[in-house]
Amino acid sequence: MPSGSLPTGEDGGRGHNSFNNMKSLQELTRPNIWSLAPYSSARNEYSGKAAHVFLDANENPYNDPNNRYPDPLQMQVKERISQLKNIPVECIFLGNGSDEAIDLVYRCFCEPKVDNVVAIEPTYGMYKVCADINNVEYRPVLLDENFQIEAETLLAACDDNTKVVWFCSPNNPTGNAINRKAIFDVLEKFQGFVVVDEAYIDFSREDSITKLLSRFPNLIVFQTLSKAWGSAAIRCGMAFASKDIINIYNKVKYPYNINRLTQEAALERLNNTFEVEQWVKLLLQERSRMLTAFAELPMCKRIYPTDANFFLAEMDDAQKAYDYLVDKGIIVRNRTRITLCKNCLRITIGTKAENTELLAALRTM
């Protein structure tokens, strides 16, 4: 998979002295969640010797294997992810897509009507949607003209009730990786959680920031099987954090949040890394071809740098181009109503044939 480098070594040159000002996990967790006695499922309570008769969960004894509840902690899947990512099993959470992991940040740590979160803008819309659902103030901070930001700008938007700073890197919808120095500086100076959503990291020149989990106990990293792993339909997102943070996630999640079919499909895909690596290689080749070809289109005014499996292109008239493509049966994303993205289309990299069809349509527009 493509990778870049972390500044000044694997840990960014940071040490444990960086955490003197960080609030304790108890201070950062909602009091009712900290004291919560989680639901104890039948499958959680059983442990010990091998068993073959299960009369504990009020299941139907017929229609094996779908009659049985799935592993509530998805241990086989986590063990495989641990091998691939070099992250301890106890530091891994699996969610019903990354959206569940996003929502849990609010439910676990943000007191409604009291706390707030700070996020770059524009970025993935579910951070704000989940904030609104949980009645938590959402403070967007505009990126600059290059879709980048400085740590000081984000920190200036924080106050004593700011629990989370959100980064998406590579960012959606802009496609670019966010300046690592800004992320490091926020990690060092901010007293709450720093969440870095790496849904598109497999397409990036940057290393995953999961390498810093042991150095920054306030760091939470999201990844997913939806993008490079070609498994959007099974809905399996990953969160990586300290063991203590993951324990709080597990207290709050629904007992069987990942069904058996998803666990099996995830394990099958995770055991076939070679095919995924080939997909990523092909998509990066096509991304390069598409960026060159799009730059030659008369209606394309600008293409923004990308580290994802998509790119953002400023058009003369994004709505006109979008409508034209819809009539041709080709669907892209019109992002013109998104902050800083006026007249921009977001183009996902498809197969060579799909990309060629898109280019052919626009050349005859």
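Me: Which residues of α11 and α13 meet in this predicted model?

Reply: From α11 come E286, R289, M290, A293 and F294, and they meet K352, N355, T356, L358, L359, L362 and R363 of α13. The residues of this contact divide into six nonpolar, two polar and four charged.

Me: What describes two packed helices?

Reply: The angle between their axes and the distance between the axes. Here α11 (residues 273-295) and α13 (residues 352-363) pack at about 5 degrees, with axes 11 Å apart. Angles under 35 degrees count as roughly parallel, and α11 and α13 are therefore roughly parallel to each other.

Me: How many residues does the largest nonpolar core have, and which have the most contacts inside it?

Reply: The core is a set of buried residues joined through side-chain atoms. The largest has 52 residues, and L154, F167 and L219 have the most contacts inside it. Helix α8 (residues 180-189) gives the most to this core, with four residues. Beyond its neighbours within four places in sequence, F167 is in contact with residues including I120, Y127, L154, I183 and V196. Another core, of 33 residues, lies apart from the largest one; V105, V117, C168 and I245 are among its members.

Me: How many aromatic pairs does the structure hold?

Reply: There are ten. Y69 and Y256 are stacked, at 4.6 Å centre to centre with 10 degrees between the planes. They are 187 residues apart, each in a loop.

Me: Are Y69 and Y256 buried or partly exposed?

Reply: Y69 is partly exposed, with a relative accessible area of 41%, and Y256 is also partly exposed, at 23%.

Conventions
Residues are numbered from 1 along each chain as its sequence is written. This is a predicted model: local features need pLDDT of at least 70, side-chain atom pairs count only at pLDDT 80 or more; totals for chains, interfaces and linings use all residues. Side-chain values use heavy atoms; hydrogens and water are left out. Axes are lines fitted to C-alpha atoms, for helices over the stretch in contact, and angles run from 0 to 180 degrees between N-to-C directions. Helices (H or I, at least four residues) and strands (E, at least two) are DSSP runs, numbered from the N terminus. Angles under 35 degrees count as roughly parallel, over 145 as roughly antiparallel, 65 to 115 as roughly perpendicular and the rest as oblique. Contact means heavy atoms within 4.5 Å. Ala, Val, Leu, Ile, Met, Phe, Trp, Tyr, Cys and Pro count as nonpolar, Asp, Glu, Lys and Arg as charged, and the others, Gly among them, as polar. A nonpolar core is a set of buried Ala, Val, Leu, Ile, Met, Phe, Trp, Tyr and Cys residues joined through side-chain atoms within 4.5 Å. Buried means under 20% relative accessible area, exposed over 50%, partly exposed in between (1.4 Å probe, protein chains only). Rings of Phe, Tyr and Trp (its six-membered ring) pair if their centres lie within 6.5 Å; planes under 30 degrees apart count as stacked, over 60 as edge-to-face and the rest as tilted.
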